[in-house]
Amino acid sequence: MKQVAEPMRRELTENGFRELTTAEDVDAFMSSAKGTSLVVINSVCGCAAGLARPAVAAALEEINQKPENLVTVFAGQDREATEKMRGYFEEVPPSSPSIAVLEGSELKYFIPREQIEDHDLEQVQAHLSGVLRQMVK
């Protein structure tokens with residue numbers, strides 16, 4: 001399965017995202033995170049491939065001010081890392097794919113699967129772009 005997921009990982013890493021593949025990676029990142037972070041909980045599902053990852057890439061291209069940190073964990077692949085990241089925003093139910101905006105280690109905005117799945121790419125992109133324009137200064 002890791003070979004199948006590799007192109008799905010690259011779709012984010014080639015757009016500047018740093019993969020956090022272990023619980024230790026997540027803790028290290030979160031303990032030192034400064035500024036705004038965009039966290040993508042990646043997935044192998046169709047709505048990640050057709051909507052979440054392309055919408056994130058397109059949103060980042062269209063905004064002027066980018067988050068200081070772009071990180072991703074891969075649900076179903078890097079389970080401990082994903083569980084650890086989700087632990088930092090326990091107030092929202094687990095969802096993948098999903099997109100979180102953090103300020104330092106504090107969750108400021110969350111886009112769950114329900115706001116990705118069954119929407120079109122432009123809607124997800126516009127949603128995220130709007131959020132980032134308001135939150136990234």
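Predicted model: local features only at pLDDT ≥ 70, side-chain atom pairs only at ≥ 80, totals over all residues.
Q: Why are H3 and H5 called oblique to each other?
A: Look at the angle. The axes of helix H3 (residues 46-62) and helix H5 (residues 121-135) cross at roughly 45° and come within 8 Å. Angles under 35 degrees would count as roughly parallel, and 65 to 115 as roughly perpendicular. H3 and H5 are therefore oblique.

Q: Which residues of H3 and H5 make the contact?
A: On the H3 side, they include Gly50, Leu51, Pro54 and Val56. From H5 come Leu121, Val124, Gln125, Leu128, Ser129, Leu132 and Arg133. Sorted by class, this contact has eleven nonpolar, three polar and two charged residues.

Q: What makes H1 roughly parallel to H3?
A: Again, it's the angle. The axes of helix H1 (residues 2-13) and H3 cross at roughly 25°, coming within 9 Å. The cut-off for roughly parallel is under 35 degrees, so H1 counts as roughly parallel to H3.

Q: Which residues of H1 and H3 make that contact?
A: H1 brings Met8, Glu11 and Leu12, while H3 brings Ala49, Arg53, Pro54 and Val56. By class that's five nonpolar, no polar and two charged residues.

Q: Why is Ser129 called buried?
A: Buried means under 20% relative accessible area. Ser129 has 0%, so Ser129 is buried. You'll find Ser129 in helix H5. Leaving out residues up to four places away in sequence, Ser129 touches Ala59, Glu62 and Ile63.

Q: Which residues of the largest nonpolar core touch the most other members?
A: They are Phe17, Leu38, Val56, Leu60, Leu128 and Leu132, out of 24 residues in that core. Strand E2 (36-42), H3, strand E4 (98-103) and H5 each give two or more residues to this core. H3 gives the most, with eight residues.

Q: How do you know that Phe17 touches Leu38 and Val56?
A: Contact means heavy atoms within 4.5 Å. By that test, and not counting residues up to four places away in sequence, Phe17 touches Leu12, Leu38, Val40, Val56, Leu60, Leu70, Val71 and Thr72.

Notes:
Residues numbered from 1 in each chain as written. Heavy atoms only, no water. Axes fitted to C-alpha atoms, helices over the stretch in contact; angles between N-to-C directions. Helix = DSSP H or I, 4+ residues; strand = E, 2+ residues; numbered from the N terminus. Parallel < 35°, antiparallel > 145°, perpendicular 65-115°, else oblique. Nonpolar A, V, L, I, M, F, W, Y, C, P; charged D, E, K, R; others polar. Core = buried A, V, L, I, M, F, W, Y, C linked by side-chain atoms within 4.5 Å. Buried < 20%, exposed > 50% of the residue type's maximum accessible area, 1.4 Å probe, protein only.
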